[in-house]
Amino acid sequence: MEVLRSKRELADWIRSCGNSERTLVPTMGALHRGHTSLIALAREKTPENDVVATIFVNPTQFGPNEDFDSYPRQLEDDLHLCEEHGAAAVFAPSANEMYQADTSILIHESALSHRLCGASRPGHFDGVCTIVAKLFLMTQPSAAIFGEKDFQQLVVLRRLVRDLDFPIDIIPGPTVREGDGLAMSSRNAYLSAEERAQAPVIFRSLTRVAKEISEGIIKTPDAAIASLTEEIGDTPLARIDYLEIVDSRSLEAITSLENANPRLLAAVFFGKTRLIDNVGLPALID
Ligand code: AMP
């Protein structure tokens, strides 16, 4: 496996690969089974392609009071995991390699990014769109894999590819969970033992409400949100950031459960740690 630390090394490696195609798996490192599942999925869905994982804690997607400085960094362990799961190369640049000190252009998405996580994290998706576009240009992949765990990010990046004409297939990867249902996340490491014990309420509640909708027990979006709010709100260490039921394509709140493609999304603080999760619902139109 090649470890590439500069844009120059990456470009040289790409040139040495000749006509072979690539599948990109962007990450911020501190890799867990969620990330490695995306490398495995890349190998399964695009077997002819080389898998290029990237490891870069992207400063432009963090707000001023967020955890950029404390975000876990463990490059050596990450490189082992990438190699074990079959990446052909890892691109792990420094911040100076990726941004000029006076960088003045960011990509702004204006329809899907202002709500949900974008409302709590202003500018976050501009940073995400910018770094992903830069990684697309540098690695020239024919496919890229993103986790459904970050559902809004997946929808925003599909729009990035559509609107900027990147000839890249976006392939979603299912959310990988701990045994008790908690979505794997590099930020789970911040949780205290008590917070960690209570955090599975998010997925438990989302799946219960999804089931009750599909069984006709819950009949309206408002009732679904009320039910989630009650269970998660009653969890002593949980503080709700948002609970929403949206159309999977527009990310707009839905007013009827007859929407063909609804998705339940949650962002919940445990202490200072903000956790997100989501589940899809079966099509409910008969
Ligand atoms: P991050 O390192 O948090 O930026 O995540 C890198 C990629 O891994 C993104 O596409 C995430 O959506 C994806 N990812 C993070 N956690 C999980 C998980 N538990 N299951 C599947 N994919 C995940």
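The structure is a predicted model, in which local features need pLDDT of at least 70 and side-chain atom pairs count only at pLDDT 80 or more, while totals for chains, interfaces and linings use all residues. Residues are numbered from 1 along each chain as its sequence is written, and side-chain values use heavy atoms, with hydrogens and water left out.

The protein chain contains 10 helices and nine strands, these being DSSP runs (helices, H or I, at least four residues; strands, E, at least two) numbered from the N terminus. Its radius of gyration, taken over C-alpha atoms, is 19 Å, close to the 19 Å given for 286 residues by the globule rule (2.2 Å times the number of residues to the power 0.38), so the chain is as compact as a globular protein of that length. Buried residues (under 20% relative accessible area, 1.4 Å probe, protein chains only) make up 53% of the 286 residues. Of the contacts (heavy atoms within 4.5 Å) with a separation of 6 or more, 73% are accounted for by residues 24 or more positions apart.

The domain assignment, from an automatic or database source, gives domain 1 (2–173) and domain 2 (186–279). The C-alpha centres of domain 1 and domain 2 lie 26 Å apart, and 21 residues of domain 1 are in contact with 18 residues of domain 2.

How values were computed
Buried means under 20% relative accessible area, exposed over 50%, partly exposed in between (1.4 Å probe, protein chains only).
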